[in-house]
Amino acid sequence: MPIHRNAGADTLALHAGQTPDPAHHSRATPIHFTTSYVFESSDHAAALFNQERAGHVYSRISNPTNAVLEERIAALDGGVGAIACASGQAALMLAITTLMGSGGHIVASRSLYGGSHNLLAYTLPRFGIETTFVAPGDLNAWRAAIRPETRLLFGEAICNPSLEVLDIPAVADIAHAARVPLMVDATLVTPALQCPIDLGADLVMHSATKFLGGHGVAIGGLLVDGGSFDWEAAAAHFPTLTEPYDGFHNMDFAEESPIAAFLLRARREGLRDFGACLSPMNAFQILQGIETLGLRMQRHVSNARALVAHLAAHPLVESVAWPELDSHPDKALAARLLPKGCGGVFSFSLKGGRPAGSSFIEALRLFSHLANVGDAKSLAIHPASTTHFRMSAQALLAAGITEGTIRLSAGLEDPSDLIEDLDRGLHAVQKAISR
Amino acid sequence: MKINLPDLHSGHISGHSSYVYTGSRALEPGRPTAVFIHGAGHDHSVWTLQTRYFVSHGWNVIAPDLPGHGRSGGPGLKSIDEMAKWVLAVITELGVRNVMLIGHSMGSLIALQAAATAPGQISRLALVGSVAPMPVAASLLDATLTDRNKAHAMINQWSYTPRTQLGASSIPGLCLTALNERLMQRQAPGVLHTDMAACNAYTGGFDAAAQVRCPSLLLSSALDRMTPPKAIEPLAKAFTGGAPLTRIVLPDAGHAMMSEAPGAVLDALWNFATSPAAHQEAPMI
């Protein structure tokens, strides 16, 4: 059941989590550049450490500027709270390590951001956590991959770079039937386009580096808890949340807070011990971005639509992956789950393979050639010559990529200028093919 | 901890499992005991910060989930009188002494009725976010029966300050209204209506107050729209038993003051609990 919002998303994006600071009445969120906080007394210090009083002790655990960001994203996403992390990868790792240890198992979409795939496929097995990858649209595969030791289902709201749309309500039902939470990486959609918790997800993670910040100046991650998963009902599966923890006053987190147990453990253990906290400077910068999130996402979507329409009609373009196109298999799903639009990232395939892709990228002047998405500036990358350089054509296809695939992140520029730049790239492709 | 208590519906011990939070510590015979009673549609976790402080400062803590709430089994009890008897049964079952009763909202009525029912067993009484009588708006009472989500939204609207409504929190990183909504959703269907109906029907507040013989605290919040401070005047005047009565109004919180102003609530309760006037020993139960 979605959480009732007390204000509209654009209002929350500007105000949630922050009121003018009581000391100086600053309207903007102050940046609390401090590692630590003065205790009023020994008793006050002990009470803060023992979670008897609310407040800040050390900025690795919590910080007032970060708290504004956490409360803002929680309000936007319909969560009971959030934790700001050093990066999206840190948020993913924090979620996983809060839920499971060695012997745990994850079922994940096979269409994931490369960093997430690396963590799940190569790094976590070294720590005894295995992942089974499934096609995101194959509901039977999700169901069949669940084992007794499965502790998490994980997918991206819109898969990168294949642009498949995750059927969150259906995958959430599968997860909940197995008493396992579903976490959704909502980086490409942001709360401006979709709130996965409202659709049945239990946890949401964001790379705030992307559209939430929007400016491309700050790395950050956010982990949001919907507060809807009943950890006690699945107590045997989640001892980290439902059994006394020697490392923090013998606290049984679900006993202290049946609703916020996950966040308690993640903050009291994960941030404390793993230390992947967010700088308050980055939190401030991401907050500045979120203030205009709704407006920016509208423009990202409209620019993406303009670019997609142009490319889809071009003879040098083999295909465009964009869930709003009739040719995309998830069009109906996208219309249902993403009625405000499918974001600003999409991919297309050029005729002519790797040489065509390289020629296109090198001819661009306005699009920046780099490995990122979600900037206010438009971005482009040719996976076959960069991020996926070592992969064969066959391996690329398995990942939903062709040798001529280009991924674009539509920025906020004038769409006519972006189209002119695409035409510049396509002209270079024509010349390369003609040689 | 889990205990088995008398089934007050049928009048015999049926073995309903009841949950009592004790702050992860066993009860110790020599310690004073603070009994924290939650309000309608809630469970023990609304007191988490305050209870942990009492536990680490030499007190036993008993924060039960009322029947039908949280981890406690059985159906919800239908009247404040039944709930008060149940709380007294918990206290008897656990064999604690020198008991301070602390109740929030509906829990305050339960605490008041329990203190009046067994004045010899209760040494201190703290009513948090209280009024008596406690009429429930017809629209809310109806919504608890017909549309839980609407009822939850109404409760949040009236329980939190505008600042919290916009997502600011005294507890870093949490969205307090969402937390409260999820907690109410987690309770069994029908429990919120039963609770609200019990509050609405309770008429014994003035008589109960007159029978209270222990020091009492009325803790209100200036921005409380559920139980506004001015509405507590008639109840305050009904404490005619001669024991000290302390009144505190917190300036910047609403009805959900344990989460909106957790430190101020803790300070008020702790100062009251440890004040000389409140240190009268109650007889052994």
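**Interface and interior**

Modeller: Arg52(B) forms a salt bridge with Glu256(A), their closest N and O atoms lying 2.9 Å apart; a salt bridge here is a side-chain nitrogen of Lys or Arg within 4 Å of a carboxyl oxygen of Asp or Glu. This is a predicted model, in which local features need pLDDT of at least 70, side-chain atom pairs count only at pLDDT 80 or more, and totals for chains, interfaces and linings use all residues. Residues are numbered from 1 along each chain as its sequence is written, chains are lettered from A and ligands numbered from 1 in the order in which they are written, and side-chain values use heavy atoms, with hydrogens and water left out.

Colleague: How many salt bridges does the rule find across the interface of chain A and chain B?

Modeller: The pair Arg52(B) and Glu256(A) is a salt bridge. Across the interface of chain A and chain B, the rule finds four.

Colleague: What is the area buried between chain A and chain B?

Modeller: Contact means heavy atoms within 4.5 Å, and 53 residues of chain A and 41 residues of chain B take part. Glu52(A), Glu255(A) and Glu256(A) supply 19% of the area that chain A buries against chain B, more than any other three residues. Buried area is the accessible area (1.4 Å probe) that two parts lose on being put together, summed over both. Carbon and sulfur atoms give 49% of the total, which is about 3,600 Å².

Colleague: Which element gives the largest share of the side of chain A that touches chain B?

Modeller: Elements are DSSP runs numbered from the N terminus, helices (H or I) of at least four residues and strands (E) of at least two. Those giving two or more residues to this side include helix H1 (9–15), helix H10 (253–256) and helix H11 (261–274) of chain A. The largest share, five residues, comes from H3(A).

Colleague: Is His105(A) buried or exposed?

Modeller: His105(A) is found in strand S2 (residues 105–109) of chain A. Buried means under 20% relative accessible area, exposed over 50%, partly exposed in between (1.4 Å probe, protein chains only). At a relative accessible area of 0%, His105(A) is buried.

Colleague: Why is helix H12 of chain A largely enclosed by the rest of the structure?

Modeller: What covers the buried residues of H12(A) includes H1, H3 and helix H13 (293–312) of chain A. Phe284(A) and Leu287(A) are among the buried residues. H12(A), residues 280–290, is largely enclosed because the buried residues number nine of the eleven.
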